[in-house]
Amino acid sequence: MRVLYITSSLPFGVGEPFLYPEIRAIKDLGVDLKVVPLYPRGTLVHPEAKAVITMVEAAPLFSWRILQVALRVLLRFPKRALQALLLLLTPNPWHLLKNLTVFPKALWLADLAMSWRADHIHAHWAATTSSMAMAASHVSGVPWSLTAHRWDVVENNLLHRKARHARFFRCISEKTKSMALERGVPEEKVLVLHLGVSLPALSELTSRRDRASRETFVLLCPAAFLPVKGHRFLIEALAELPDRVQLWLAGDGPLRPELESQVQRLGLKERVRFLGYLAHDQLLELYRDNQVDAVVLPSVDLGDGLNEGIPVALMEAMAFGCPVIATATGGIPELLRDGAGLLVPDKSSQALATAILRFLNDDTLRKETAERGRLRVRTQFSVEDIAQTLIKLWGSGDA
């Protein structure tokens, strides 16, 4: 099977690292995969990008080559090209502008699909990547599908039309599905298929050390410094906790100066470590080496559906048997239900502090939560199982 796998920018730039496990698992199952970024901007930041680059078909959004191919396809298939253009029309001026912007590259993608003899086109994001894929599918005759995440559903750029023309409309969480249905996506086209993570080998799992064997209790927050991640509430919570509790922040982003000032203001400089951006293997090494006692993700709901999906950062920690605490926002409750993690309200430093104290003072609770979390990921979020399901869907005429 040959599949064109459409991304926003991956493998270029810092975004979409959560797609690497899926790409690798699909490839390992024998699919001939060609990764096509809509906007191939930035450098190869992630180590995983170097393994993917050999299967990437990178072309800028605009270039003479794109325009030449688009013109050739237009002249060869004028009726199909016009129909594809009509599919992208919308009364929303901003969406219309974005859709028209990607139309030349959609014709280029159609040419690629035909010349490469692709069996399927799959687009991540229900926004302009899917606009491009829908138009390319119509011109080339190659079936297509999409994965909807969160903000792209909120944007609602022709969701109903895309769902009607796609083979299936994948949502990464039940919450995403409910949002899509609210915006008119036909229920018969929607399915929930989570993003997943690679499961560590049993030899990589270390037993969690008892609290008495450590002088400090290390919390890790693996998240970019963005408003939706809610770091400031976690830092406020740390100020209410015993001095032996330390916080490691793995990530970077525009809020870093503000968070560093907050740490300084609260007198927490000796208890907070800014690790900066960590490569994926470096992050997993913290779990393998048992350097972290709990992972905390204090995400917040920004309104209008702008909140977390089901964070891969939590899945990875849970897969290694590290207990987690997170806020009940977006799709997080789907992951942490039935005691697979501790859930707290968002925007509450007091609730975070209370949950952390529960882990600090109760080794049994911490170990039981870690085991439930590990089993949840192993049984429901294995990327190998998810990749197999995707391949079956791509090869079937029905979702």
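Residues are numbered from 1 along each chain as its sequence is written, and side-chain values use heavy atoms, with hydrogens and water left out. Because the model is predicted, local features need pLDDT of at least 70 and side-chain atom pairs count only at pLDDT 80 or more, while totals for chains, interfaces and linings use all residues.

Start with helix H12 (residues 280-288) and helix H13 (residues 312-319), whose axes lie 9 Å apart and meet at an angle of about 40°. Helices (H or I, at least four residues) and strands (E, at least two) are DSSP runs, numbered from the N terminus. Axes are lines fitted to C-alpha atoms, for helices over the stretch in contact, and angles run from 0 to 180 degrees between N-to-C directions. At that angle H12 is oblique to H13; angles under 35 degrees count as roughly parallel, over 145 as roughly antiparallel, 65 to 115 as roughly perpendicular and the rest as oblique.

On the H12 side the contact (heavy atoms within 4.5 Å) is made by His280, Leu283, Leu284 and Tyr287, and on the H13 side by Ala313, Glu316 and Ala317. Five of these residues are nonpolar, one is polar and one is charged. Here Ala, Val, Leu, Ile, Met, Phe, Trp, Tyr, Cys and Pro count as nonpolar, Asp, Glu, Lys and Arg as charged, and the others, Gly among them, as polar.

Next come the salt bridges, of which the structure holds 19. A salt bridge is a side-chain nitrogen of Lys or Arg within 4 Å of a carboxyl oxygen of Asp or Glu. One of them joins lysine 34 to glutamate 57, with the closest N and O atoms 3.6 Å apart. Lysine 34 belongs to strand E2 (residues 32-37) and glutamate 57 to the loop between helix H2 (47-52) and helix H3 (64-76), so the pair ties together parts that are 23 residues apart in sequence. Lysine 34 is buried at 17% relative accessible area, and glutamate 57 is buried at 19%. Buried means under 20% relative accessible area, exposed over 50%, and partly exposed in between (1.4 Å probe, protein chains only).

Glutamate 182 and arginine 183 form another salt bridge, at 3.8 Å from N to O. Glutamate 182 is exposed at 63%, whereas arginine 183 is partly exposed at 26%.

Within helix H10 (residues 231-239), glutamate 236 and arginine 232 lie four residues apart, about one turn of the helix, and their closest N and O atoms are 3.6 Å apart in a salt bridge. Finally, salt bridges link Arg2, Lys27 and Asp32 in a network.
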